[in-house]
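Hi there,

Here is the structure I promised to pass on to you. Have a look at it first, and then read on for what turned up in it.

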Amino acid sequence: MPTIPVILDVDTGVDDALAILFAVKHPAIEVLAITCVAGNASLEQVVENTLKILDAADAPAIPVAAGATRPLIEPARSASHVHGADGLGGIALPATQRVAEQVSAVELMRRTIMDAERPVTLVALAPQTNLALLLRTHPEVAEKLERIVFMGGSASVGNATAVAEFNVWHDPEAAAIVLDSGVPTLMYGLDVFNQVAVEQDAAAALAAGDDPVGRIVGALLGNRIALSEDSTAEYTGLIGDAGAVCALVEPESLRIEHRPVRIELGGYGRGQTLVDMRLFGGEDIVHGLADEWATIDIALDVDAPRYAELFLETLGLK
């Protein structure tokens, strides 16, 4: 069975690290390159974290490149309250001898896509600034993409705000450019992201075990989110971004619907992914008030136990 050639675009924090480990280890996925963007941590920290996680995965020589330091318009905003100052929840990893490519993330993506023998899947696990820059400066790559799978958005609640998910909220203009590119797209949003978790006892056992990868995975799963120094953080055990990579190899474990989506760019709703779930057209269509929305695949539900099992099995931890 042929492998799936992918480029991962990451802002390596806790769940990006889990996703990289999964992607490198799964036999059906061929990671051609990894590009980095500021998001969960600064760009410099994201690159360092990515290289260290590749070491932890005993990965082959996968090219890694640095990209955008900030969104297209807004200033950079880190998520240190979620991922810690270093982006990995304070987990100590050995220094790495790997070095990033001297070309930009956009150039590495362009070159990798155009040189690939088969269409490439772009897996965006971060704010989509790098992807937007790629598609605007090198629109010819769109024809050589199989599809884009992005972790971001929501058809229900937000997390950065009441209505907006962090990756899209961080750079909504970039997300809008990607949606409007015409490339087939799957949105793996908070609707499914918040469901797939490893039980606390299992994570604790991994963290205390003898397997080096297992200890890292257990520690990452045990990272607790605190919104302030006074708040009490609870265990979630979410595999997070890794679920979007699971979707590459087991899409049948998702309930996917093809729906119109747009990115809200103004007001409090800035960064919201508006998903049209109507069965029939409404007054906006009847009266000619509706503009054109991108129509993409949206993951609305997931067999959460299966994805958690798939994640652990792929890493040899179950």
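In what sense do strand 4 and strand 5 pair, and over how many bridges? They pair in the parallel sense, over five bridges. Strand 5 covers residues 145-151, and strand 4 covers residues 120-124.

Before going further, a word on the source: this is a predicted model, in which local features need pLDDT of at least 70 and side-chain atom pairs count only at pLDDT 80 or more, while totals for chains, interfaces and linings use all residues. Residues are numbered from 1 along each chain as its sequence is written, and side-chain values use heavy atoms, with hydrogens and water left out.

Helices (H or I, at least four residues) and strands (E, at least two) are DSSP runs, numbered from the N terminus. Two strands pair if DSSP finds at least two bridges between them.

**Around strand 4**

Strand 4 has a partner in strand 1 (residues 4-10) too: four bridges join the two, and they run parallel. Leu 8 stands opposite Val 123, and in strand 5 the bridge partner of Val 123 is Val 149.

Is strand 4 mostly covered or mostly open? It is mostly covered, since five of its five residues are buried (buried means under 20% relative accessible area, exposed over 50%, and partly exposed in between, with a 1.4 Å probe and protein chains only). Val 120, Leu 122 and Ala 124 point one way from the strand, and Thr 121 and Val 123 point the other way. In a regular strand the side chains alternate between the two faces of the sheet.

Strand 4 also belongs to a β-α-β unit with helix 5 (residues 129-137) and strand 5, and the unit is right-handed (with the strands pointing away from the viewer, the path from the first strand over the helix to the second runs clockwise).

**Strands 7, 8 and 9**

Here the pairing is antiparallel. Eight bridges join strand 7 to strand 9 (residues 294-302) in antiparallel fashion, and Val 261 has Ala 294 in strand 9 as its bridge partner. Strand 7 and strand 8 pair in the antiparallel sense over three bridges, with Arg 262 opposite Leu 274 in strand 8.

**Salt bridges**

How many salt bridges does the count come to? It comes to eleven, where a salt bridge is a side-chain nitrogen of Lys or Arg within 4 Å of a carboxyl oxygen of Asp or Glu.

One of them joins the side chains of Glu 48 and Lys 52, at 2.9 Å from N to O. Both residues lie in helix 2 (residues 43-56), four residues apart, which is about one turn of the helix. Glu 48 counts as partly exposed because its relative accessibility is 34%, whereas Lys 52 counts as buried because its value is 16%.

Another joins Arg 270 and Glu 173, at 2.8 Å from N to O. This pair links distant parts of the chain, 97 residues apart: Arg 270 is in the loop between strand 7 (254-263) and strand 8 (273-275), and Glu 173 is in helix 7 (residues 172-179). Both Arg 270 and Glu 173 are buried.

The side chains of Arg 255 and Glu 257 also meet in a salt bridge, at 2.7 Å from N to O. Arg 255, at 42% relative accessibility, is partly exposed, and Glu 257, at 21%, is partly exposed as well. Elsewhere, salt bridges that share partners join Glu 250, Arg 306, Glu 309 and Glu 313 into one network.

Cys 36 is buried, at 0% relative accessibility, and Cys 246 is buried with a relative accessible area of 0%.

Lastly, look at Asp 58, in the loop between helix 2 and strand 3. Most residues other than glycine have a negative phi. Asp 58 has a positive phi of about 55 degrees although it is not a glycine. At 66% relative accessibility, Asp 58 counts as exposed.

Enjoy exploring!
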